[in-house]
Amino acid sequence: MKYRNSDFLNDLYYKRQEFSELLSKAKNSGNSVLINTIRKLNNSRWARQINGDISIQDIFIEEFDNFLADNPDLEIRESVIDNVDKMKKCGNFDYGYTFYECPNCNNFHIQGFTCKSRFCPRCGKKYRDKIGTKVASKLLNIKHRQLVFTIPFELRKFFRKDRHLLSLLFKSVNLTLNETLKSKARLAFKKEERKLGFICFLHTYGRDMKRHPHIHVLFAEKFMRKDGTLGNFYYLGFEAIRKRYLFTVLNLLQHELKKKNSKTYNSFLKEKSIVLDRCKEGSYFYGKPVYAEGYSMESAKATAKYIARYASHPALSERRILKWDKENKTVTWFYDPHEDDLCEEKDKKGRQIITEHVYEFIKRLIIHIPENHFTQIRYYGFYSNKFKNKGSLFNKLFSRKDIEKMILRLEWRFGLLHSFGYNPLICECGHEMIYNIEKSYFPNRPIGENTS
């Protein structure tokens with residue numbers, strides 16, 4: 001299996017002279033230990049830097065304080081300061097670490113504490129995996145499809161100014177889908193207490209990192225009755241849903257703004273008039289059935305994993321950063337336009353390369369940091385935590401074994417083994433290092449109690 005930074009023909013960091021003795025020791029311990037050691041070296045921080053990888057953490061460590069000092073008039077949210085501060089400390093040994101030592105030789109491994117911030121690319125990956133695991137554990141073995149709900153660009157500024165208004169987008173999706181089910185058979189809807197099952201993911205950006213809040217939905221094409229039986233619900237009238245969703249968003253937003261600020265409310269009324277005039281067919285809505293291209297359990301699993309990962313990853317992957325020019329204070333990165341996915345080869349724009357001042361790059365990223373404790377993924381109907389009906393009687397989309405594997409990968413060393421093909425605790429002598437609490441550092445513990 002091929003792993004990133006582990007192509008032994010092209011990734012040659014492990015061949016540096018200072019590693020010759022270490023590699024000789026690993027070779028004497030067996031081929032599997034040697035390969036593990038090579039991959040460990042090739043995936044080290046220093047190897048990645050030599051290979052040209054650029055760390056968002058390094059950019060913020062060097063430039064974020066300058067950015068704040070040079071932009072005193074910017075209103076920086078508390079959640080931005082908190083998350084950036086956490087990310088800058090992520091993995092720094094000054095803020096704590098766990099110590100592992102080999103039981104056979106004097107070798108050891110120190111693992112710095114992570115920051116747990118969703119803004120951090122490294123911790124964001126773990127957060128994404130946690131979300132994927134939680135979503136997978138809930139899904140029933142029934143057909144699902146991806147839905148996407150967006151809002152007109154005229155409304156985006158209101159959701160940017162007050163981030164808590166984003167909850168209205170979740171509420172609008174919930175009301176729209178349930179009203180769509182209810183309109184099919186109003187008496188049966190009430191009598192049978194029909195419930196849909198869907199999971200909503202808030203996404204605030206496009207590939208170009210511009211502010212563009214929209215909701216992705218993992219939608220089960222079934223409804224559940226109060227007796228626990230399922231009924232089909234795979235036909236969605238796109239035209240009706242587009243209009244109903246836009247109408248719901250506008251009504252909820254108007255109601256909230258009317259209570260808060262008269263100036264903002266008057267501005268909204270003007271934009272509402274423009275939106276209603278321009279969007280006579282409603283807001284954009286996507287919901288192509290998966291089985292139109294051949295449905296299977298594996299395609300259903302792939303759809304579930306894709307939405308969970310896509311809707312929870314950081315605004316920019318570090319692999320998209322091409323250059324950081326410290327002298328000229330610029331960052332170069334790229335994106336592939338969404339439009340190119342839907343047009344013919346001759347009409348494609350092609351990869352877009354952006355070079356901008358590092359402060360503009362920082363602005364692009366921090367604008368997508370959510371408010372502290374704001375939930376960006378929400379569960380509805382028979383997928384909600386409150387629902388205690390008979391959904392557990394149905395087969396799950398992912399087996400218990402699948403879920404156990406996902407949970408295991410959340411542990412950092414098994415995650416590295418799965419993603420990069422090496423166990424960081426395998427010593428070059430072939431033994432596995434063990435945790436030593438006495439030599440680990442927990443900075444929040446009082447002096448003298450660090451080993452308790």
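**Salt bridges, backbone angles and burial in a predicted chain**

At 23% relative accessibility, Glu101 counts as partly exposed; by the convention used here, buried means under 20% relative accessible area, exposed means over 50%, and partly exposed lies in between, with a 1.4 Å probe and protein chains only. Before I come to the partner of this residue, I must state the basis of the values. This is a predicted model, in which local features need pLDDT of at least 70 and side-chain atom pairs count only at pLDDT 80 or more, while totals for chains, interfaces and linings use all residues. Residues are numbered from 1 along each chain as its sequence is written, and side-chain values use heavy atoms, with hydrogens and water left out.

Let me begin with the chain as a whole. Its C-alpha trace spans about 75 × 60 × 55 Å along the principal axes. The chain has 15 helices and 12 strands; these are DSSP runs numbered from the N terminus, helices being H or I with at least four residues and strands E with at least two. Of its 452 residues, 47% count as buried.

I turn now to the charged pairs. How many salt bridges does the structure hold? The total is 27 salt bridges, each being a side-chain nitrogen of Lys or Arg within 4 Å of a carboxyl oxygen of Asp or Glu.

One of these brings us back to the residue with which I opened. Glu101 forms a salt bridge with Lys439, and the closest N and O atoms of the pair are 3.2 Å apart. Glu101 belongs to strand β1 (residues 97-101) and Lys439 to strand β12 (residues 434-441), so this pair ties together parts that are 338 residues apart in sequence. Lys439, at 44% relative accessibility, is also classed as partly exposed.

The next pair is a local one. Lys89 and Asp85 form a salt bridge in which the closest N and O atoms are 3.2 Å apart. Both residues are in helix α5 (residues 78-89), with four residues of separation, which is about one turn of the helix. Lys89 has a relative accessible area of 30% and is therefore partly exposed. The value for Asp85 is 35%, so Asp85 is partly exposed too.

Glu192 is partly exposed, because its relative accessible area is 23%. Arg194 has a relative accessibility of 14% and so counts as buried.

My next topic is the backbone. Most residues other than glycine have a negative phi. Met209 is not a glycine, yet its phi is positive, at about 70 degrees. Where is Met209 found? Met209 is placed in the loop between β4 (195-205) and β5 (211-224). With a relative accessibility of 2%, Met209 counts as buried.

His373 likewise has a positive phi, near 70 degrees, in a residue other than glycine. Its location is the loop between α13 (358-366) and β11 (377-381). Is His373 buried or exposed? His373 reaches 78% relative accessibility and therefore counts as exposed.

I close with some positions in helices, two of them with C-alpha separations. Tyr265 is part of helix α11 (residues 262-278) and, at 15% relative accessibility, counts as buried. Between Tyr265 and Leu253 there are 12 residues of sequence separation and 9.3 Å in space, C-alpha to C-alpha.

Ser24 is in helix α1 (residues 20-28). Its relative accessible area of 39% makes Ser24 partly exposed. How many residues along the chain separate Ser24 from Glu345? They are 321 residues apart, and their C-alpha atoms are separated by 51 Å.

Finally, Leu408 has its place in helix α14 (residues 400-409). Leu408 has a relative accessible area of 44% and is therefore partly exposed.
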